[in-house]
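Welcome! Please take a moment to look over the sequence and the model, and then let us walk through them together.

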Amino acid sequence: MKSLPLNRRKLITRALGFGAIGLLPGCDFDHPNHPDLTDRVLSAMSRWNDEAQATLFDRHTLAPTFPASAITRPARFNAFYDISQAPQVNPGTWQLALTGRIANKTPLTLADLRAMKQESQITRFVCVEGWRVVGQWSGVPLAHVLKAINADTQARYILFHCADGYFTSIDMASAMQPQTIFALDFNGGPLTAPFGAPMRLRIPTKLGYKNPKSIVAMEVTNRFPGGYWENQGYNWFGGS
Ligand SMILES: Nc1nc2c(c(=O)[nH]1)N[C@H]1C(S)=C(S)[C@@H](COP(=O)(O)O)O[C@H]1N2
Ligand SMILES: [Mo]
């Protein structure tokens, strides 16, 4: 995961013909704390790319679904730490804190989510590290949750905070796509700790890093919220 921004940077540097930029006189491009021109071009490109992708995104386009026979076993774990460090969240006391542009900010419990409309999907999960798996996730469509808590669905972003300190955010159109769910079950049983218990976002139109696990808080906001990997150079829109 750590090598991607470098590869991407090389690629974009080459694509833009900026390969010789380090030869320019008087510019300390190699100072580690100094965002060089390539960095700035890269983030400008990435932000432009976010907008292009958001414009192209059609909430009615569905991610492909698969038969049960295609489910990858065993599943594959990934996080910014080892599987043994996965946060242990007590499902009995877990609550989803709600902040920002939401009229009903009463925290949601697992019982609340289990009582809502459930949807199940067998979809492909794609990580930028270069692997993909197929899995079955079930839970509540996020659009349904947003309606139940009377969130401002004209707002631009939704930010998720996780029990391990991870965070990521998505655009509202992607949040309203019907396959975007608050997953409670994975491959036929409740989510386990490594895979995001007790609740994770499953958004099959976006890359793995936009699928936060063990979510503890959600904010609806118009202020650009970024994300753990996104702030280190990963493309923010991160999907199709
Ligand atoms: N809380 C939390 N969520 C996270 C991550 C993380 O480190 N912490 N990693 C992301 C990344 S990069 C990937 S590829 C997927 C991995 O999900 P999986 O373990 O279910 O395969 O979780 C995403 N969500
Ligand atoms: Mo990932």
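Which residues around ligand 1 come nearest? Of the 19 residues around ligand 1 (a heavy atom within 4 Å), the nearest are R76, N78, D164, R200 and K213. This is a predicted model, in which local features need pLDDT of at least 70 and side-chain atom pairs count only at pLDDT 80 or more, while totals for chains, interfaces and linings use all residues. Residues are numbered from 1 along each chain as written, chains are lettered from A and ligands numbered from 1 in written order, and side-chain values use heavy atoms, without hydrogens and water.

Now look at the oxygen atoms of ligand 1. One is 2.6 Å from an N or O atom in the side chain of K213, and an oxygen is 2.8 Å from such an atom in the R200 side chain. The protein covers 99% of the 540 Å² of accessible area (Shrake-Rupley method, 1.4 Å probe) that ligand 1 has on its own.

Finally, consider confidence. On pLDDT, the predictor's per-residue confidence from 0 to 100, the chain averages 87, and 84% of the residues score at least 70. Residues 8-30 stay under 50, with 24 contacts (heavy atoms within 4.5 Å) beyond four places in sequence. Where pLDDT is low, predicted coordinates should not be read in detail.

Key. A polar contact is a pair of N or O atoms within 3.5 Å; within protein, one must be able to donate a hydrogen and the other to accept it, and residues adjacent in sequence count only if both atoms are side-chain atoms.
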